[in-house]
Amino acid sequence: MRLRLKGGRVLDPANGEVAVARDVEILDGRIVAATNETADQEYALNGDIVMAGGIDLHSHIAGGKMNLARLLMQEDRRAYPELRGAFCGCGGGRAVPTAHATGCRYAELGYTTVFEPAMLGANARGAHLEMADIPNLDTGAYLVLGNDDYILRLMAAGAPQAQINAYVGWMIEATQAFAIKIVNPGGINAFKFNARKLDLDEANPYYEVTPRQVLLTLIRAVTELGVPHPIHLHGCNLGVPGNDDTTLATILATEGRRLHLTHLQFHSYGTEGDRKFSSGAARIAELVNANPNISVDVGQVMFGQTVTASADYMSQYRNRGMASPKKSIGMDIELDAACGVVPFEYRDKSFVNALQWAIGLELFLLVEDPWRIFLTTDHPNGGPFTTYPHLIRLLMDRDFRNAQLATLNKVAQQHTMLAEITREYSLEEIAILTRAAPARILGLTDKGHLAPGGVGDVVVYKEDADREAMFSKARYVFKNGRLIVKEGEIVDLVAGTTHVLRPDFDRSVEADITRWFDDAVGLKAKHFRISDGELRGGAGPTILKCVGAP
Ligand SMILES: [Zn+2]
């Protein structure tokens with residue numbers, strides 16, 4: 001099957017191509033060098049923009065907390081009923097769309113790969129079953145560690161790093177994970193021992209281990225195991241005014257080792273001014289700019305109804321009184337972590353919400369290197385992923401951005417420097433943020449670009465000065481060379497794959513892990529472990545080897 005996209009302008013920053021007029025050819029699902037062979041299908045693009053399929057490295061699309069959020073938010077599916085069309089029947093929803101709707105809505109925007117950033121070991125089997133139900137997207141999941149009793153017990157006992165590395169390797173393999181996420185290091189566990197806050201150097205009341213120790217121990221584990229993606233960190237004190245100091249201290253704690261700070265917007269709050277809530281974005285962006293080992297995604301706040309769902313029950317417990325509508329869920333999840341679901345409406349007339357919006361945009365515009373910052377709303381926590389086209393316009397169009405700013409809470413307008421920032425993102429930079437850079441930081445060498453050997457995930461956008469309109473409906477989306485979206489409408493459903501990582505680790509750790517499961521966990525280690533055959537209805541995973549592995 002040979003497919004030719006003729007006469008487009010290729011935007012492929014990974015290979016230095018900026019709107020280069022050339023054909024793109026796909027043979028049996030992979031990009032190949034252009035030939036003169038007769039194509040089975042040919043599309044005339046007449047100068048349309050061609051990019052690789054979008055990659056979202058942080059979006060909550062599967063797992064226990066999303067199902068709880070769906071349970072809680074029936075009104076979300078009433079407000080956004082399913083679209084009528086030959087390929088829907090998908091149940092609808094916006095803040096927490098069904099698995100099916102997640103795949104369809106992402107594909108319409110031109111995304112073909114999405115990573116679930118918070119899979120708990122105890123929920124891993126369910127998360128994988130759910131991801132297999134999402135059409136048109138390749139997926140993968142980051143395993144949440146750092147609040148699990150096994151690792152805190154090892155650290156408290158002064159176990160050698162090699163033993164911790166082996167446990168991390170075993171857990172990645174057993175849960176079919178792709179990377180390691182830490183949520184509020186040690187803090188979720190500390191909550192279970194009645195701590196209500198835990199800063200970087202505060203000790204867990206039971207294990208007497210600090211968040212700094214958890215972070216550095218796990219950074220060392222993924223480095224020594226050769227995990228391509230750095231530790232994906234949701235830091236201490238999410239949402240707490242004054243957490244900008246914690247974030248700065250966290251960056252300095254890495255001493256040059258790689259770290260990804262996720263939803264940085266929620267960790268960039270100062271305490272200046274009479275409201276004791278201010279933007280820490282400028283200080284943080286400055287330190288990110290000076291530390292090339294740090295990458296970030298923003299977790300932009302977008303106005304409207306959404307639902308927050310997080311393993312960080314310490315912060316969700318704090319916020320539960322702000323739930324809108326007034327209902328929430330809090331849960332303990334085995335020995336792994338916890339889970340809190342709190343519906344929330346971000347209001348443009350609220351001082352705090354308007355400033356959160358501005359802080360996110362300040363981060364986007366003040367962090368200089370587009371290869372180290374990623375376009376996210378921490379879906380659905382800051383807003384649904386369907387708002388991405390609007391966010392892209394805010395980044396690319398200064399007049400539009402300032403016009404929006406002028407409608408917000410008046411006091412908040414005086415607390416942000418946003419109006420003075422002249423930067424506008426270029427199309428090339430958007431392609432970096434949403435494709436090339438996520439592929440690079442995840443170690444996916446055959447994604448995020450359009451050179452021969454790349455997967456045939458290709459998106460065509462019709463150039464439009466209104467960037468929101470342009471990115472709302474892709475003209476064509478091809479998944480592995482198959483047309484799935486035409487003029488912004490789903491025309492086919494295909495099964496994606498699941499990206500997993502296979503680290504090498506010392507298997508002698510298994511005896512101790514088996515004992516631990518027998519003593520403390522509700523199932524045996526051999527049943528906890530997920531086989532390849534359980535993934536994607538038996539199709540199995542796509543395996544990435546660790547850096548340095550043979
Ligand atoms: Zn998140």
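Where in the chain is the place of P81? P81 sits in the loop between α2 (74–79) and α3 (99–109); helices (H or I, at least four residues) and strands (E, at least two) are DSSP runs, numbered from the N terminus. This is a predicted model, in which local features need pLDDT of at least 70 and side-chain atom pairs count only at pLDDT 80 or more, while totals for chains, interfaces and linings use all residues. Residues are numbered from 1 along each chain as its sequence is written, and side-chain values use heavy atoms, with hydrogens and water left out.

P81 has a relative accessible area of 53% and is exposed. Here buried means under 20% relative accessible area, exposed means over 50%, and partly exposed lies in between, with a 1.4 Å probe and protein chains only. P81 and G496 are 415 residues apart along the chain, and their C-alpha atoms are separated by 24 Å.

The helix pairs come next. Two packed helices are described by the angle between their axes and the distance between the axes. Axes are lines fitted to C-alpha atoms, for helices over the stretch in contact, and angles run from 0 to 180 degrees between N-to-C directions. Angles under 35 degrees count as roughly parallel, over 145 as roughly antiparallel, 65 to 115 as roughly perpendicular and the rest as oblique.

Helix α5 (residues 149–156) and helix α6 (residues 161–175) cross at roughly 175 degrees, and their axes come within 10 Å. α5 is therefore roughly antiparallel to α6. In this pair, Y150, I151, L154 and M155 of α5 meet Q163, I164, Y167 and V168 of α6, where contact means heavy atoms within 4.5 Å. The residues of this contact divide into seven nonpolar, one polar and no charged. In this count, Ala, Val, Leu, Ile, Met, Phe, Trp, Tyr, Cys and Pro are nonpolar, Asp, Glu, Lys and Arg are charged, and the others, Gly among them, are polar.

Helix α10 (residues 281–290) packs on helix α12 (residues 351–366) at an angle of about 30 degrees, with the axes 9 Å apart. α10 and α12 are therefore roughly parallel to each other. On the α10 side the contact is made by A281, A282, I284, A285 and N289, and on the α12 side by I359, E362, L363 and L366. Seven residues of the contact of α10 with α12 are nonpolar, one is polar and one is charged.

The loop between α10 and β14 (294–297) holds N291. N291 is buried, at 16% relative accessibility. Not counting residues up to four places away in sequence, N291 touches I251 and R372.

I251 is one of the buried residues of α9. Helix α9 (residues 243–253) is mostly covered, with eight of its 11 residues buried. These buried residues pack against α8 (211–225), β10 (232–234), β11 (259–261), β12 (269–270), α10 and β14. After α9 comes E255, whose phi is positive, near 45 degrees.

Helix α13 (residues 388–396) is also mostly covered: eight of its nine residues are buried. Among them are Y388, P389 and L391. α13 and helix α14 (residues 398–405) pack at an angle of about 110 degrees, with their axes 5 Å apart. The two helices are therefore roughly perpendicular to each other. H390, R393, L394, L395 and M396 in α13 meet R398, F400, R401 and Q404 in α14. This contact divides into four nonpolar, two polar and three charged residues.

The backbone has some features to look for. Most residues other than glycine have a negative phi, and most peptide bonds are trans. The bond from S324 to P325 is cis, with omega near -5 degrees, and P325 is in the loop between α11 (313–319) and β16 (329–333). A cis peptide bond also joins H379 and P380, with omega about -5 degrees; P380 lies in the loop between β18 (373–374) and α13. A19, in strand β2 (residues 17–27), is not a glycine but has a positive phi of about 50 degrees. A19 is partly exposed, at a relative accessible area of 31%.

How many disulfides does a search of the whole structure find? The search finds zero, a disulfide being a pair of cysteine sulfur atoms within 2.5 Å. For C339, the closest cysteine sulfur is in C236, 20 Å away and too far for a bond. C339 is buried, at 3% relative accessibility.
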